[in-house]
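This report describes a structure for a reader who is new to such descriptions. Please keep the sequence and the model in view while reading.

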Amino acid sequence: MLQLQAVTKTFGANTAVHAASFSVDRPMMIGIIGSSGAGKSTLLRMMNCLTPASSGEILVNGRDITKLRGSEKRDWQSHCAMIFQQFNLVPRLDVVSNVLHGTLNRRSTLSTMFNIFPQDDIVHAIDILDRLGIAEHAPKRAEALSGGQQQRVAIARALMQDPTIILADEPIASLDPMNAQLVMQALRDIHEQDGRMVIANLHTLDTARRYCDRVIGMRQGRIVFDGTPAQLTTGVARDIYGADASFSEATTSTQIETLEPRPKVAAAL
Amino acid sequence: MTATSHTNPDRAGIQDSYLALARSKRWMNLVLLILFVALLVGGFNTAGDRNAGGFWDGLPNVLDFPADVIAEAIERGHLLPGYMAKYLPSLIETVNIAAASTLLGAMIGLFLSLMVTRGLAPLPWLVGPLRRVLDLLRAVPEIVIALVLIFMLGGGPVPAMIAIALHTIGALGKLFSEVNENASLKPVEGLASVGASWSQRMWLGVIPQVAPNYVSYALLRFEINIRASAILGFVGAGGIGYDLRNTMSWGQGKFDEAAAIFLLLFLTIVIVDQLSSVFRNRLTHGLPSAKVTL
């Protein structure tokens with residue numbers, strides 16, 4: 001259903017993504033890992049058409065979405081939800097309005113200006129917020145919520161779009177371990193219960209292993225690993241991050257269960 | 001524990017109260033819209049009633065003047081470059097008045113803006129009085145100040161410069177202080193923690209953050225001041241406005257020269273606009289040679 005063929009993005013002399021190709025035949029949860037600047041964000045942004053691809057094709061059910069323009073492009077974007085590291089909500093509007101923004105592709109500019117949304121949509125938005133456990137914050141301004149709550153509002157906005165694919169660009173990089181777990185579990189549940197494809201850029205290996213069915217590793221714009229979490233050994237991870245033998249996963253882990261003090265650190269304390 | 005198994009027992013209550021809230025907001029919007037339209041129509045009618053000649057009767061004649069100017073300018077188009085060269089010195093005088101008054105007004109306005117921004121002001125009790133001073137500077141039309149000063153100091157560019165600078169202090173002081181309000185206080189706190197004085201905190205903690213906005217407001221003000229100093233020429237402050245008044249009078253047959261002056265003013269504004277966008281880009285994004293970072 002999703003097929004990338006030699007997708008490339010160049011910014012001037014820099015190549016952010018170099019001939020990325022992979023294909024997905026059924027909805028699954030995919031994690032993309034790699035160090036900063038490896039091209040993970042650019043790859044997701046090209047799938048959402050936020051950034052135009054320089055060359056290559058992104059086929060969704062046989063249609064190349066990189067060629068879409070105008071209202072066809074916006075229609076694709078409404079079916080391909082995006083979640084950002086910094087949430088990208090409208091801070092001064094209330095939570096429900098932010099969730100209702102997921103329906104903007106179907107609404108006219110005039111009704112948007114007067115903030116008029118159908119009653120069914122409002123009820124549905126609050127149902128989604130309830131599913132994510134934040135219904136009681138419905139009338140508050142988005143900026144009044146904590147980071148973890150704001151990210152769940154962003155997920156609610158994505159669900160309001162009723163998308164086939166959800167792209168998440170470092171969804172937990174700004175969150176503490178507890179909220180990170182809540183957000184990742186919410187994404188996993190959305191995949192399992194609704195059968196939506198989820199593609200997430202992740203900055204920790206344990207998150208990718210724990211929540212994803214398939215892991216793609218990127219290094220300097222190229223896809224260097226594509227396999228199951230089980231195939232993602234420490235050696236492979238070192239290759240992806242270009243790290244030497246001193247690289248240890250435990251130091252980057254955000255998982256609560258693995259946070260046992262290492263003997264050396266404990267002794268130093 | 002899964003996030004999605006969570007349900008709030010009062011979901012229906014939350015939905016009802018939010019829907020009620022949305023309804024009342026919608027009513028409020030409708031009332032405001034009706035009020036807005038009523039004010040628009042009412043204001044227009046009031047202005048129309050007080051109009052000496054009658055708005056609707058005069059409307060067809062509005063285009064007579066531009067039509068005459070354009071007709072004469074086209075007829076004697078070959079003379080326009082000569083006129084432009086003739087009036088260039090007066091244009092330079094006008095731009096000079098505008099530049100001096102903008103520079104002076106921006107510097108004093110910058111200082112006053114920091115004095116009237118709550119959270120930054122060193123003397124909080126002065127915030128209110130100083131704001132009233134800024135209001136006063138904006139309230140008195142610059143042409144009034146210029147006329148008084150011309151009466152006392154005699155005609156010439158200096159009274160015009162002072163008059164425009166006073167208005168600029170009022171306008172930029174207010175705009176700059178609104179920009180200051182949106183500046184992050186974190187760098188200011190960081191500098192306070194090392195024992196920096198008020199002026200040091202402002203110079204290093206606030207001004208670098210807001211400088212691009214300052215520049216765009218100041219350059220917009222420069223454009224406005226070019227026009228203002230041209231207008232002040234009408235009342236004897238010199239510059240291109242004086243020439244414009246002489247050539248614009250009906251029946252002199254000098255509309256071609258007026259057209260040349262309009263063109264000069266237009267080109268000046270275009271140049272200022274282009275320069276300001278180049279300058280602002282450089283200030284916000286660094287030099288154009290800087291590399292794109294991912």
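## Cores, chain B and the interface

Leu129(A) touches Val95(A), Val99(A), Ile134(A), Ala135(A), Ala138(A) and Ala156(A), leaving aside residues up to four places away in sequence; a contact means that two C-beta atoms, placed from the backbone, lie within 7 Å. The model is predicted: local features need pLDDT of at least 70 and side-chain atom pairs pLDDT 80 or more, while totals for chains, interfaces and linings use all residues. Residues are numbered from 1 along each chain as its sequence is written, and chains are lettered from A and ligands numbered from 1 in the order in which they are written.

Leu129(A) is among the residues with the most contacts inside the largest nonpolar core, which has 75 residues. Such a core is a set of buried Ala, Val, Leu, Ile, Met, Phe, Trp, Tyr and Cys residues joined through C-beta atoms within 7 Å; buried means that 20 or more other C-beta atoms lie within 10 Å of a residue's own. Apart from it lies another core, of 52 residues, including Leu172(B) and Ala259(B).

Chain B has 11 helices and zero strands, where helices are DSSP runs (H or I) of at least four residues and strands (E) of at least two.

| Property of chain B | Value |
|---|---|
| Span of the C-alpha trace along its principal axes | about 85 × 55 × 45 Å |
| Residues that count as buried | 30% of 294 residues |

Between the chains, 26 residues of chain A are in contact with 18 residues of chain B. H5(A) gives the most to the side of chain A that touches chain B, with six residues.

Conventions:
A residue is buried if 20 or more other C-beta atoms lie within 10 Å of its own, exposed if 12 or fewer, and partly exposed in between; C-beta atoms are placed from the backbone.
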